[in-house]
Amino acid sequence: MTVEHETLTRVARELAALPVAEEDLSSVQRQVERGVEALRALDELDLAEVEPPVAYRVV
Amino acid sequence: MPELHWLSVTELARAIATRAVSPVEVVRAHLERIEALDGKLRAFIALFADQALAAAKAAEAAAANGEALGPLHGVPIGLKDLYDVQGVVTTGGSSFLDRPAAGDSTVARRLREAGAILLGKLNLHEFAYGPEGINRTYGTSWNPWDATTHRLPGGSSSGSGVAVAAGLCPAAMGSDTGGSIRIPAALCGIVGLKPTYGRVSRAGVLPLAWSLDHAGPMTRTVADAALLLRVLAGYDPRDPTTSVLPVADYPAALEAPVKGLRVGLLREGFLETADREVQGLVAAALKALEGFGCAIQEVSLPHTKYVPAASYAIIAAEAMAFHEPLLKRHAAEYAPDVRQRLLTGQFLLATQYLKGQRVRRLLCRDVEEAFTRVDCLLAPTLPVAAPPIEAERVTINGESHARRQAFLRYTRPFNLTGHPVVSVPCGFTGEGLPVGMQIVGRPFDEVTILRLAYAYEQATEWHRRRPPAP
């Protein structure tokens, strides 16, 4: 899959907190693409009964 | 008596308590060694020479006056530069953090209360976000096992690994979010202990990823790791993730027999993908454990293949959440590799982060299931020994792999699960570079992994080898 530079800069500008400088774009693009690809592999898991371990203790 | 800088924490504490040696001599010996070697090794970011000598003189007087002495009385210890020490800037290995810490981290306070003398702050991969130990601001620490080629020390606790291995301090504190204690420990030929999540307080430690960060000691012997854990472990109201479970007497438990312990070998996804030389050394270690009467059986963790994705989602999101305000003011001052890695975190969806957290639960179940059949797990710490600093890729059994992914492959699973792990030296490659293996325990069962590591260490000579003079 590919993520266009334009998409990254627009998302960064309009939705995210920080702009991505020109010199970082290619590296960030590669890492986002690799990350998205890796995360897609999680779609094959059945997580219906799995609660994330992030619940706060009351005390 | 051997040279003071090669004595262990346990030996130094005993020698100081019996007044066989003065803390002033001990601190001077280490300062002289740092002066002689650290220009090349670049382990220290800040040295507390005057304060350490003053503390040593006070420690000497206390010993002479017969005062009650703590278990680390007069022993110099270094801290990765993520740990706050009152009045000193915690740089995080960066060029721009410049505010002195208002107080001590809980770890620094507990070390002082036990009588330790804080020697200085140690180098690291900038903000602990990298397993190689590269630092462009302070220079990348030099792995002491190769005097001629600049090899990676491993990270992120690179200065801690190098300083302990080279005899600049007998012990140091590291932190471990994806392997940052165990990786430099293995590549530098020392012991690295990642305690159970919640066993050692992280209050006053600059975070990388809150739900994965662990604080722990790096030492030259297993007994020293046990001694430091005894001092450091326990509930801390400043860190809500710390546990109220009682702290064991880890040093006293080391000598208990290991006969009958069931050891689960992680082959699938771990040993089988390591370099053949590493495989051979771990196989020899397994034979030694069998010789002690341990029962070895293979176990597998079916969800291991999802670890990189889950780790990525969690670290990227949590690290960016912490660094966002700093990045807004200092983006250009970050190391490019760290800045770029951080920026990817803002393109993650909250649902992806939570998916990573749910996968984490599956992996915990895998490990829990394995622990119904065995008492500890065993795997190499890394698939390779220390590569030269310029090698962006490493060759494993003839195949080229991205260095970063290869370094993290075997350590990251146990940051997700939070289980305690000790990495101990298990031999040297043909090139004379150290190799480490991990022993993983049940939650809060540091006693068992330290006991097994100690038995193995006592039966081998790896921990007695010293790196060549740089």
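This is a predicted model: local features need pLDDT of at least 70, side-chain atom pairs count only at pLDDT 80 or more; totals for chains, interfaces and linings use all residues.
Helix axes are taken here as lines fitted to C-alpha atoms over the stretch in contact, and the angle between two of them runs from 0 to 180 degrees between N-to-C directions. Helix α7(B), residues 222-232, packs against helix α15(B), residues 446-459, at an angle of about 155°, and their axes lie 9 Å apart. Angles over 145 degrees count as roughly antiparallel, and α7(B) and α15(B) are therefore roughly antiparallel to each other. On the α7(B) side, the contact is made by B:Val222, B:Ala223, B:Ala225, B:Ala226 and B:Leu229, while α15(B) contributes B:Glu446, B:Leu450, B:Ala453, B:Tyr454 and B:Glu457. By class, this contact has eight nonpolar and two charged residues, with no polar ones.

Another helix of chain B, α5(B), spans residues 158-165 and is mostly covered, eight of its eight residues being buried. The buried residues run from B:Ser158, B:Gly159, B:Ser160 and B:Gly161 to B:Val162, B:Ala163, B:Val164 and B:Ala165. After α5(B) comes B:Gly167, which has a positive phi, near 75°.

At least two lining residues come from each of α2 (22-40) of chain A and α10 (307-330), α11 (336-344) and α13 (403-408) of chain B. Sorted by class, the lining of this second largest pocket holds 14 nonpolar, 13 polar and nine charged residues.

Methods. Residues are numbered from 1 along each chain as its sequence is written. Chains are lettered from A and ligands numbered from 1 in the order in which they are written. Side-chain values use heavy atoms; hydrogens and water are left out. Buried means under 20% relative accessible area, exposed over 50%, partly exposed in between (1.4 Å probe, protein chains only). Helices (H or I, at least four residues) and strands (E, at least two) are DSSP runs, numbered from the N terminus. Angles under 35 degrees count as roughly parallel, over 145 as roughly antiparallel, 65 to 115 as roughly perpendicular and the rest as oblique. Contact means heavy atoms within 4.5 Å. Ala, Val, Leu, Ile, Met, Phe, Trp, Tyr, Cys and Pro count as nonpolar, Asp, Glu, Lys and Arg as charged, and the others, Gly among them, as polar.
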